[in-house]
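Here are my notes on the structure, as numbered points. Please read them beside the sequence and the coordinates.

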Amino acid sequence: GTVVVFAAGNDREIGQDVNYHNFGNSPHTIAVAALDHNGQVAYFSTPGAPILVSAPGVAISTTSSFSGYPAYTTISGTSFSSPITSGVVALMLEANPELGYRDVQEILAYSARQTDTSSPGWDVNGATNWNGGGLHVSHDYGYGLIDAYAAVRLAETWELTSTQANLATVSASSSPELAILDYATITDTIQISSGLRIDHVEVDLDLTHTWIGDLAVSLTSPDNTTSILVNRPGGGAASQDNIDFTFSSTHSWGETGVGTWTLSVADLGPGDQGVLDSWTLRLLGDAIN
């Protein structure tokens, strides 16, 4: 039942992604990005499809216990946007102690405010249960800037207790053995016939390649919501061979998942090739009723 909040990371400039780290991309955690005072994503804030929400993380006033620093100072990082989010979660649980960790995540996603609307990364997903339409979501911002007032008010009237015990899952696998060639994109699909009300989506990806820094991998839902799972790790400099890892996304929250899911693998560099061996799609959420 514990609500776990995790900093998205401060490594945007070196080609990092929240999806490369199993603490940040776990469905059991709330990954938080950092914004500046203009409501724009901080230059250092690591992007990724697992990010749920954003909070202020630039020039935050705080006490200091470090030698040589004044008693009060200002400091920046997603390590400061995440405790702000934890404070909001504490207020939500004070208002409604019956909330499960999945309720907390959903309330934060549905109550967050869209900020920096000029950012080209915003999308609207295929959910139909929020004011009759979808949710705005971004790889930089998650569902947007955390709104303490809206989150607490929604928590007060929330009637569910959603935990691991009543989590529903749907999964399917494919083993296409498709060749990954230089400067080419391959796709493979999985069909889901019986869906659920999605919280998180996970992909177990197994591919063979001699330079994963060349690769970009994305997942597109039946509602045409695209989640970037891999985006040229290390800015293209990651020389590791192969990928055998579980990635996740929050971007399909509220969708049903019924229909065709498409995995796309693009090789954006020369000299290294590989094979898409297999992948498993896993939808996590609530039974539709």
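1. Four strands make up an open sheet in the order β10-β15-β12-β13, and the pairing is antiparallel. At the edges are β10 (184-192) and β13 (226-231), each of which pairs on one side only. From one strand to the next, the twist averages 15 degrees. Please keep in mind throughout that this is a predicted model.

2. Within that sheet, strand β12 (residues 215-220) runs antiparallel to strand β15 (residues 259-267), and six bridges join the two. One of the residues to look at is Ala-216, whose bridge partner in β15 is Ala-266.

3. The structure contains four aromatic pairs. One of them is formed by Tyr-43 and Phe-44: the ring centres are 5.1 Å apart and the planes stand at 85 degrees, so this pair is edge-to-face. The cut-off behind that label is an angle of over 60 degrees between the planes.

4. Are Tyr-43 and Phe-44 buried or exposed? Tyr-43 has a relative accessibility of 59% and therefore counts as exposed, since the limit for that class is over 50%. Phe-44 has 7% and therefore counts as buried, the limit there being under 20%.

5. Trp-122 and Tyr-141 form another of the aromatic pairs, and this one is stacked, with 5.3 Å from centre to centre and 15 degrees between the planes. Trp-122 sits in the loop between α2 (101-111) and β6 (123-124), while Tyr-141 sits in the loop between β7 (136-137) and α3 (148-157); the pair therefore ties together parts that are 19 residues apart in sequence. Trp-122 and Tyr-141 are both buried.

6. Where is Asn-25 found? Asn-25 belongs to the loop between β1 (4-7) and β2 (29-35). With a relative accessible area of 4%, Asn-25 is buried, because buried means under 20%.

7. What surrounds Asn-25, leaving aside its neighbours within four places in sequence? Asn-25 is in contact with Val-18, Asn-19 and Pro-50, and also with Phe-245, Thr-246, Phe-247 and Ser-248. For Thr-246 there is a further detail: its backbone oxygen lies 3.1 Å from a polar atom of the Asn-25 side chain.

Conventions:
Residues numbered from 1 in each chain as written. Predicted model: local features only at pLDDT ≥ 70, side-chain atom pairs only at ≥ 80, totals over all residues. Heavy atoms only, no water. Phe/Tyr/Trp six-rings, centres within 6.5 Å; stacked < 30°, edge-to-face > 60°. Buried < 20%, exposed > 50% of the residue type's maximum accessible area, 1.4 Å probe, protein only. Polar contact = N/O pair within 3.5 Å; in protein donor to acceptor, adjacent residues only side chain to side chain. Contact = heavy atoms within 4.5 Å. Pairing = 2+ DSSP bridges. Axes fitted to C-alpha atoms, helices over the stretch in contact; angles between N-to-C directions.
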